[in-house]
Amino acid sequence: MSLGSESERGAAIELRHVSRKFLSPDGKAFSTLTDFSMTIARGEFVALVGPTGCGKSTTLNLITGLGRPTSGEVRVMGQPVNGIDPRVGFVFQTDALFPWRNVIDNVMAGPLFRGRPKKEAEAAAHDWLARVGLSKFARHYPHQLSGGMRKRVALAQTFINNPEILLMDEPFSALDAQTRLLMHEELLNLWSITKAAVVFVTHDLEEAIALADRVLVLTARPATVKSTHIIDLPRPRDVNELRYRPEFIEISRRIWEDLREEVRHGADAA
Amino acid sequence: MSSPTFSADGAIAAQSGMSEAEIEKRAVDAARRQKRFVIAARLVILAGLLSFWEIAARTGFIDSFFYSYPTAIADRLWELITEGTDEAPLWYHLAITMQEALIGFIFGSVFGILFGVALGRNRTASDIFSVYIKVLNAVPRVVLAPIFILLFGFGLWSKVALSFVMVFFVVFSNAFQGVREADRAMVANARILGANNWQLTRSVIIPSAMSWIFASLHISFGFGIVGAIVGEFIGSRYGIGFIIQVARGVHDTAEMYAAIVIIVVVVLAAESVMTMIENRLARWRPPALSEQDH
């Protein structure tokens with residue numbers, strides 16, 4: 001995999017000197033990002049780690065087009081972001097499934113919104129449900145499923161649109177540790193089918209290292225990229241076995257060194 | 001302790017040595033007994049209240065001129081049902097009141113939902129109109145009754161208008177609130193999945209506002225009836241409000257109470273129909289644990 005060496009045109013996501021300022025209710029401006037730059041290649045899996053509230057979610061919002069930068073430029077697939085790009089998929093931290101729709105209707109929501117015929121959408125939804133192992137639960141409603149199953153539905157719902165860019169905002173943070181490990185396998189498996197460029201925001205260092213090609217450590221607010229760590233572990237990865245390897249432990253020690261300072265900063269500021 | 005009981009958290013308490021089936025059967029029996037007891041207690045309280053009322057009125061402890069007494073009310077009720085009033089049979093009065101209330105209720109809720117969703121979705125419009133809605137909402141609805149009588153006459157439409165304004169604001173504000181409360185992540189999810197504005201409104205915003213809207217429909221049907229009856233008090237030729245008004249004129253308190261009983265039955269019936277529709281529409285919602293009362 002070529003890491004960051006691709007030409008700018010070929011990059012999946014590019015943030016160039018991006019700043020984002022908010023107006024607080026009492027009329028003061030404060031920034032969540034200043035002079036933030038990062039480039040993510042097509043098919044690359046990048047994890048963002050950083051102290052709480054440092055602007056990781058803001059970054060994702062800029063890429064989706066739900067938020068706009070105050071200054072600087074955000075490009076997706078070489079084009080400046082202008083509204084929501086159909087090539088982007090997003091997996092949320094909270095449960096964002098539609099509770100009044102059953103599983104199959106949830107999964108086929110994307111294709112239907114995008115105007116594909118119902119038959120086609122339903123067939124695709126069945127395929128993706130099979131891939132996440134939930135074929136038997138097509139007619140269940142979200143409240144009838146466990147947290148891990150709901151997350152798998154959310155993955156199917158996102159992957160059915162064949163996103164070339166996949167943004168994930170602490171998607172597994174609400175799950176218990178065992179389920180989270182299973183979800184990592186699930187995600188890597190689905191990702192190997194689609195080969196989307198992934199930006200994965202997390203607090204969990206082990207998760208970041210197990211999944212990503214590259215881990216970016218962000219500074220406390222206003223966020224910039226503090227350091228980049230290339231995770232040179234071979235794929236396909238066995239996420240269970242991986243975390244006992246000496247390289248893995250070495251990398252996670254290195255990243256934590258970097259991160260600890262920022263977490264302390266962030267805690268002081270807050 | 002010979003039988004398992006339901007503890008506060010709905011779990012079944014059992015003793016060692018019982019088979020699954022035995023435990024289950026005992027639990028079902030216990031639940032059934034509990035239910036029977038509740039119904040019996042309700043009936044006993046009702047009988048107690050009614051007999052107290054009857055005896056108190058007959059012994060002069062309370063003034064039967066104002067409070068009448070249950071048997072007299074029952075007699076009057078029977079008379080109303082079988083003979084009606086001088087003007088018309090009971091069913092006709094009831095039909096008139098229901099017609100007024102239903103038309104007002106339907107138009108009130110449809111417009112309430114439309115305006116609520118539209119303003120809820122449009123920040124600028126809601127900023128502009130919110131002040132007017134606040135002012136209009138501060139007008140006690142019944143003071144409009146005489147104006148509506150002047151405007152629309154003694155017939156159907158003055159009561160429909162009153163019913164409408166009674167219903168509209170309740171449904172409007174709930175629909176508005178429901179739209180505002182729609183989960184942000186869910187909305188963002190729909191937009192990223194590819195929903196345009198109309199699809200977002202139809203398949204995310206309205207369904208998520210639905211429980212708010214239904215809550216308001218439950219209350220506002222009663223308000224629709226209030227509108228119709230107050231309108232009939234002010235000026236009418238038929239209707240339950242008219243019966244009460246005439247009965248008041250001749251100091252027939254038994255008939256006033258009888259009319260009230262009729263309207264209570266109607267509202268309860270409508271309420272249960274609405275609950276049925278709601279349950280049908282809300283199959284996706286998780287059922288509350290061991291809630292089998294309805």
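Two residues are in contact if their C-beta atoms, placed from the backbone, lie within 7 Å. The views below come from a predicted model.

**View 1. Chain B meets chain A.** The contact takes 14 residues from chain B. Chain A brings 21 residues to it. On the chain B side, α8 (184-193) and α9 (197-234) each supply at least two residues. Helix α8(B) gives the most to this side, with seven residues. By class, the residues of chain B that touch chain A divide into 10 nonpolar, three polar and one charged.

**View 2. The two domains of chain B.** Chain B is divided into domain 1, residues 1-62, and domain 2, residues 72-281. Their centres, taken over C-alpha atoms, are 36 Å apart.

**View 3. Helices α3 and α11 of chain B pack together.** Two packed helices are described by the angle between their axes and the distance between the axes. Here α3(B) covers residues 70-83 and α11(B) covers residues 253-281. The angle is about 70 degrees, and the axes lie 8 Å apart. Angles of 65 to 115 degrees count as roughly perpendicular, so α3(B) and α11(B) are roughly perpendicular to each other. Their crossing is right-handed.

**View 4. The residues where α3(B) meets α11(B).** From α3(B) come Ala72(B), Ile73(B), Arg76(B), Leu77(B) and Leu80(B). They meet Ala254(B), Glu255(B), Tyr257(B), Ala258(B) and Val261(B) of α11(B). By class, this contact has eight nonpolar residues, no polar ones and two charged ones.

Technical notes:
Residues are numbered from 1 along each chain as its sequence is written. Chains are lettered from A and ligands numbered from 1 in the order in which they are written. This is a predicted model: local features need pLDDT of at least 70, side-chain atom pairs count only at pLDDT 80 or more; totals for chains, interfaces and linings use all residues. Domain bounds come from an automatic or database domain assignment. Axes are lines fitted to C-alpha atoms, for helices over the stretch in contact, and angles run from 0 to 180 degrees between N-to-C directions. Helices (H or I, at least four residues) and strands (E, at least two) are DSSP runs, numbered from the N terminus. Angles under 35 degrees count as roughly parallel, over 145 as roughly antiparallel, 65 to 115 as roughly perpendicular and the rest as oblique. A crossing is left-handed if the near helix is turned anticlockwise from the far one by less than a right angle, and right-handed if clockwise. Ala, Val, Leu, Ile, Met, Phe, Trp, Tyr, Cys and Pro count as nonpolar, Asp, Glu, Lys and Arg as charged, and the others, Gly among them, as polar.
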